[in-house]
Amino acid sequence: MPTIAQQLLRRKPTTPPGAGEVQLKRSIGLFSLTMIGVGGTLGTGIFFILSQAVPVAGPAVIWSFVIGGVVAGLTALCYAEMAGAVPVSGSTYSYAYATLGEGTAMAVGACLLLEYGVSTAAVAVGWSQYVNQLLQNLVGWQLPVQLSQAPEQGGIVNVPAVIVIVLCSLLLLRGARESTTVNSIMVVIKIAVVVFFCAVALTGWNSDHFHNFAPAGFAGIVGGAGIIFFSFVGLDAVSTAGEEAKNPKRNLPLAIIFALLIIIVLYVGTSLAALGAQAPAKFENQDAGLAAILQNIIGSSWPGTVVAIGAIISIFSVTLVVLYGQTRILFAMSRDGMIPPVFAKVNPRSMTPVRNTVIVMVATSILAAVIPIDFLAEMTSIGTLVAFLVVSLGVIILRVREPELERGFRLPFGWTIPILSIAGCIAIITQLRLITIVVFLIWTAAFLVFYWFYGRTHSALQAGPPSADAEEAPYTSNFGRPSRSEIREAAERRKANRR
């Protein structure tokens, strides 16, 4: 029977799951993987979060996006190396399990469940705003506040937010390939809509809107970055597809890098065009902001209608990707024994975790129905930041522990990029509201209590480390760093197996 310390520090092998384990079907290529990253990112930080971030940072929210993009970019490179080295489902959770041990992996799992679950709800609430804008433009009628807002905002239940989660869940139940195909089509449409918005918004450019550029100084800029940072969650979503990706060691790193480049250009361009077209004071608590900006410029509802349609498609795509990511993280944790086995049950026809998806659908629908968007966005950001921090730390640890491990992509400049990524994440976390940090710590503590009473004794590694003949045996425990000879022997076994 392993000691408590051994249980907390035991690690999974860095190899993909074996033939005897439950696995998902590899059906997602490079283009679809890139579209998962863009689809899970583009939209959340543009179509509605400006109304939350501009009042904090002012016109300098442009720099908030740049700071968020730089930190996310540094982390994306770390993700690219980790995804190429450990191409399995579960994203940061799986990376933490392979580098930092089971106890840390469980804490990271708590971060990810918060990140994805709350992000789904936040995005769904934003979708509700644009549905109302579209209804107003087309038929001159909106859903009553009671059915389109959270109780804190004068409503009873946010019905459109629940509807979009249910629709996305039904699509996911059809299969990963069908879901990613639909997502790719929607991503192309929303990129076109964002470009359309920029083109029209620039015709109403007013440089006076930038005179009081940073009213809250650097603290406001970093605070704005903390609010919008959850919009980069799509980068993590790419790595959740590690077990369903074709040629993952090559395609996962490339997809993450391509997605990052696309979204940073579109984020900064759109925020610049929006602020040039509308005074910063008008952004506060503005529903369906981009559509309203175009309507004010043109003096007609049709541009706003186009943007509203694009936003509805865009946010549907984001919701789809984030729901997908959460179900795959739960799948990986369940297969490892950390949570009940129901989350790892795979339908033999669709090869998807059906029960898992239904449970996530119900839970996130409840959140979206009753919680306002500002709190949801900030809670998602802290979960994202902690997950990004762990990935960056994992890159350093895995390089020290397994230098011979095959990597589809390797970061340049040694440890410089992971260290800068860690510093950036910590800097943004310190600017979040105290209540956000406290709630996050309470949630993580509750999850660790669950691990103590359930996951610790149900872990797939509870039976002890694999035999000496099993591949990667030297790396299944943090006790006793492997010797150079053990590292060479493991590398030789991998090369022999590939032949």
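Me: Which residues does His209 touch, not counting those up to four places away in sequence?
Reply: This is a predicted model, and a touch here needs heavy atoms within 4.5 Å. His209 itself is found in the loop between α8 (176-201) and α9 (217-228). With residues up to four places away in sequence left out, its contacts are Pro59, Leu275, Gly276, Ala277, Gln278, Ala279 and Pro280.

Me: Is His209 buried or exposed?
Reply: The relative accessible area of His209 is 13%. The cut-off for buried is under 20%, so His209 counts as buried.

Me: Which backbone oxygen lies 3.2 Å from a polar atom of the His209 side chain?
Reply: A polar contact requires N or O atoms within 3.5 Å. At 3.2 Å from the side chain of His209, the backbone oxygen is that of Gly276.

Me: How are helix α3 and helix α4 oriented where they pack?
Reply: Helix α3 covers residues 50-57 and helix α4 residues 61-85, and their axes are 9 Å apart. The angle is about 110°. Angles of 65 to 115 degrees share one class, so α3 is roughly perpendicular to α4.

Me: How many nonpolar residues are in the contact of α3 with α4?
Reply: From α3 come Leu50, Ala53, Val54 and Ala57, which meet Val61, Ser64 and Phe65 in α4. By class, one residue is polar and no residue is charged, and the nonpolar ones number six.

Me: Which helix has the lowest mean pLDDT among the elements of the chain?
Reply: The mean pLDDT of the chain is 76. Helix α16 (residues 416-429) has the highest mean among the elements, 86. The lowest, 57, belongs to helix α18 (residues 484-498).

Conventions: Residues numbered from 1 in each chain as written. Predicted model: local features only at pLDDT ≥ 70, side-chain atom pairs only at ≥ 80, totals over all residues. Heavy atoms only, no water. Axes fitted to C-alpha atoms, helices over the stretch in contact; angles between N-to-C directions. Helix = DSSP H or I, 4+ residues; strand = E, 2+ residues; numbered from the N terminus. Parallel < 35°, antiparallel > 145°, perpendicular 65-115°, else oblique. Nonpolar A, V, L, I, M, F, W, Y, C, P; charged D, E, K, R; others polar. Buried < 20%, exposed > 50% of the residue type's maximum accessible area, 1.4 Å probe, protein only. Polar contact = N/O pair within 3.5 Å; in protein donor to acceptor, adjacent residues only side chain to side chain. pLDDT = per-residue confidence, 0-100.
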